Amino acid sequence: MTGDKECSSGEHASELAFFGAITASVTHELNNVLSIIDQTAGLLEDLLYSARQGKPIPPEKLQSIAAGVSNQTARGFDFIRRLNRFAHSVDEPVSEFDLCALTDNFAALMKRVATLKRVELTTDIPDAPVQIVSCPFKLQEALFRVVNAFLSEPEKGDRLIVGCRGGAAPEISFKYTRSSSCGTIEQPKGEWEERLGRIGWSVDSETGVDQIIVRFSFKGKTDAVTEIQE
Amino acid sequence: MNKFCALLIDDEEELVSTLTERLEFRGIEAEYAVSGSEAIAKMRTKPYDVVVVDMKMPGLSGLDLVKILQKEHPSLPIIMITGHGAPADEQVEIPAGVFDYLPKPVSIEVLIKKMSEAVGGKA
């Protein structure tokens with residue numbers, strides 16, 4: 001999927017699973033959006049039927065319906081734009097991209113998944129772009145693994161803040177706060193950590209009483225990144 | 001005129017409120033809740049003849065809610081709404097005792113037919 005000739009079948013399976021999970025989540029949301037528009041169209045037909053029987057449709061009712069459809073189409077377009085941006089992250093194994101935009105897009109795609117698990121996902125991402133050269137797809141797969149680990153045994157009221165920062169050492173961070181005591185959370189390690197290293201990233205974590213912070217730090221090893229392209 | 005009262009439960013308020021309005025337009029008494037906890041509270045104060053539960057909801061999931069409803073209201077017919085297609089497509093199992101499931105998008109006519117069948121002749 002990423003064009004990495006050295007990629008093992010296990011890595012490909014993991015990448016496909018990640019791609020599938022994101023696609024399933026977004027298409028579920030799009031199905032909800034289209035279902036609402038479909039039912040709204042049905043409601044308009046009902047109101048027209050009623051109007052033909054001599055019961056006029058109040059203008060404010062039509063205004064409210066139009067606003068609802070407009071909101072849903074905007075919501076649908078937002079999902080499509082984000083899914084499209086995610087899908088294009090596979091175009092090139094290594095590319096220059098804005099880390100903030102990628103993190104924001106990733107967080108938006110994961111928000112519904114988190115909400116379904118009763119976890120409040122928010123972001124702390126600066127407006128200014130942070131340009132880096134790395135492998136956007138593999139990076140997002142790593143981020144996905146971390147979020148998945150956090151969401152494996154969630155408790156109602158848990159919070160996850162996805163952050164990003166630039167400067168000399170660009171970083172993506174996850175701050176997961178449990179509503180009660182801190183549980184065990186799987187960390188990327190072993191072969192996975194080595195894979196992150198190959199695309200110029202390292203990962204470390206801090207575990208507190210009720211909080212876990214996982215940081216992805218960009219090391220900017222362009223020679224290591226180039227290795228993937230060969 | 002249909003003679004039953006339905007409770008629809010889905011966290012997508014715009015969807016569930018529109019469905020409720022369309023059912024009422026057809027003479028069916030219907031109410032909605034946007035969470036499992038709201039549904040449980042409503043059902044403790046008013047009897048319903050059939051409930052329609054979305055499978056995927058934040059907080060109390062559709063499956064969790066069904067378990068609670070089956071315990072508190074063992075004879076209540078339950079219809080589940082799935083995201084796309086058959087439950088197997090979503091790798092979930094419809095709990096035993098659930099009357100039937102419908103995939104989204106739900107046709108109003110199919111929903112009424114299914115609810116009528118579930119309440120057994122009250123339509």
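**Entry 1: A149(A)**

I began with A149(A), which sits in helix 4 (residues 136-150) of chain A. Helices here are DSSP runs of H or I with at least four residues, strands are runs of E with at least two, and both are numbered from the N terminus. This is a predicted model, where local features need pLDDT of at least 70, side-chain atom pairs count only at pLDDT 80 or more, and totals for chains, interfaces and linings use all residues. Residues are numbered from 1 along each chain as its sequence is written, chains are lettered from A and ligands numbered from 1 in the order in which they are written, and side-chain values use heavy atoms, with hydrogens and water left out.

Is A149(A) buried or exposed? I noted it as buried, because its relative accessibility is 6%. Buried means under 20% relative accessible area, exposed over 50%, and partly exposed in between (1.4 Å probe, protein chains only). I also looked up A168(A), which is 19 residues from A149(A) in sequence and 29 Å from A149(A) in space, C-alpha to C-alpha.

**Entry 2: R82(A)**

Next I looked up R82(A), in helix 2 (residues 59-88) of chain A. R82(A) counts as buried because its relative accessibility is 12%. Leaving out residues up to four places away in sequence, I listed D104(A), N105(A), A108(A) and L109(A) as touching R82(A); contact means heavy atoms within 4.5 Å. With D104(A), the side chain of R82(A) makes a polar contact of 3.4 Å. A polar contact is a pair of N or O atoms within 3.5 Å; within protein, one must be able to donate a hydrogen and the other to accept it, and residues adjacent in sequence count only if both atoms are side-chain atoms.

**Entry 3: chain B**

In chain B I found four helices and five strands. Their order from the N terminus is β-α-β-α-β-α-β-β-α. Chain B has 123 residues, and 50% of them count as buried.

**Entry 4: chain B against chain A**

How many residues of chain B are in contact with chain A? I noted 19, and they meet 24 residues of chain A. Across this interface the rule finds five salt bridges, each a side-chain nitrogen of Lys or Arg within 4 Å of a carboxyl oxygen of Asp or Glu. I looked up the salt bridge of R112(A) with D11(B), where the closest N and O atoms are 2.9 Å apart.
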